[in-house]
Amino acid sequence: MNTKKVILYGLHILKNHFLTTIIFIAFMYLYFSLFRGTISQLISGIVISILYLYGNFSSGRYHAKKRDALPLSAATLSIIISTIPSIVFAYLASINVSLNDKGLLKTHWLNVVYRLWNSPFIGIFSYADEVAKNMHSKSPIVISYWIVAAFLPVASFLGYAIGILEAKGKVKLPEYSLLPKKKGQNKKQGKTGKSY
């Protein structure tokens with residue numbers, strides 16, 4: 001049963017990442033219309049990265065506080081499972097990054113796949129491209145790939161660990177919600193006046 005739960009939680013993290021990617025790709029045209037400058041792309045990229053980090057942190061925290069939550073060791077295994085695609089893409093993309101004589105990044109399909117897979121960080125990648133052009137080195141791009149690959153496991157692990165501590169009453173963090181809370185529905189009453 002624990003093995004099944006470990007796999008399911010890993011797939012849940014992957015599903016959240018995939019849905020985030022799809023949503024962001026839908027707004028990518030608007031993104032590039034609004035943020036054209038290198039610095040503005042970096043600032044917007046940092047903001048989106050923080051939102052992504054908080055989303056994974058909150059998800060891990062929520063699942064850790066559930067009644068049938070996995071122990072931290074099992075959850076860590078789930079997080080590792082969910083990170084495998086990002087690690088594989090980061091490695092393949094990193095060894096295929098190259099610059100031409102003018103210092104411009106060659107668009108290799110593995111780099112495209114990796115950037116689409118981590119589309120919330122497109123502002124970070126854009127800034128790394130500009131730095132790489134100026135330095136005539138691919139190092140800034142490779143570094144950005146591996147930093148981005150660490151976002152999902154680190155955020156998920158921290159969220160889960162803190163969620164476990166909260167469930168045990170050792171830590172209490174404030175709850176933040178961007179959406180208004182729903183009001184409780186009134187119970188229906190019969191002719192006797194008793195709720196059912």
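A pocket is an open set of grid points with protein on both sides within 12 Å along at least five of seven lines. The legends below describe a predicted model.

**View 1. The second largest pocket.** About 240 Å³ of space lies in this pocket. Its lining is made of 12 residues. Lys5, Tyr9, His63, Lys66 and Asp68 lie nearest the centre of the pocket. Helix α1 gives the most to this lining, with 5 residues. By class, the lining has 6 nonpolar, 2 polar and 4 charged residues.

**View 2. The largest cavity.** The structure holds 2 cavities of 30 Å³ or more. The largest cavity has a volume of about 40 Å³. Its lining includes Tyr9, Ile13 and Asn16. Asn56, Ser59, Gly60 and Ser156 also line this cavity. Of the lining residues, 5 are polar and 2 are nonpolar.

View 3. His17, Tyr52, Ser86, Asn118 and Phe121 are among its lining residues. Val148, Ala149, Phe151 and Leu152 line the second largest cavity too. Helix α7 (residues 139–167) supplies the largest share of this lining, 4 residues. By class, the lining divides into 6 nonpolar and 3 polar residues, with no charged ones.

Conventions
Residues are numbered from 1 along each chain as its sequence is written. This is a predicted model: local features need pLDDT of at least 70, side-chain atom pairs count only at pLDDT 80 or more; totals for chains, interfaces and linings use all residues. Side-chain values use heavy atoms; hydrogens and water are left out. On a 1 Å grid over the protein atoms alone, a cavity is a set of points where a 1.4 Å probe fits but cannot get out, and a pocket is an open set with protein on both sides within 12 Å along at least five of seven lines; lining residues have an atom within 4 Å of a point. Grid points are joined across faces, edges and corners, and a volume is the space filled by probe spheres set on the points. Ala, Val, Leu, Ile, Met, Phe, Trp, Tyr, Cys and Pro count as nonpolar, Asp, Glu, Lys and Arg as charged, and the others, Gly among them, as polar. Helices (H or I, at least four residues) and strands (E, at least two) are DSSP runs, numbered from the N terminus.
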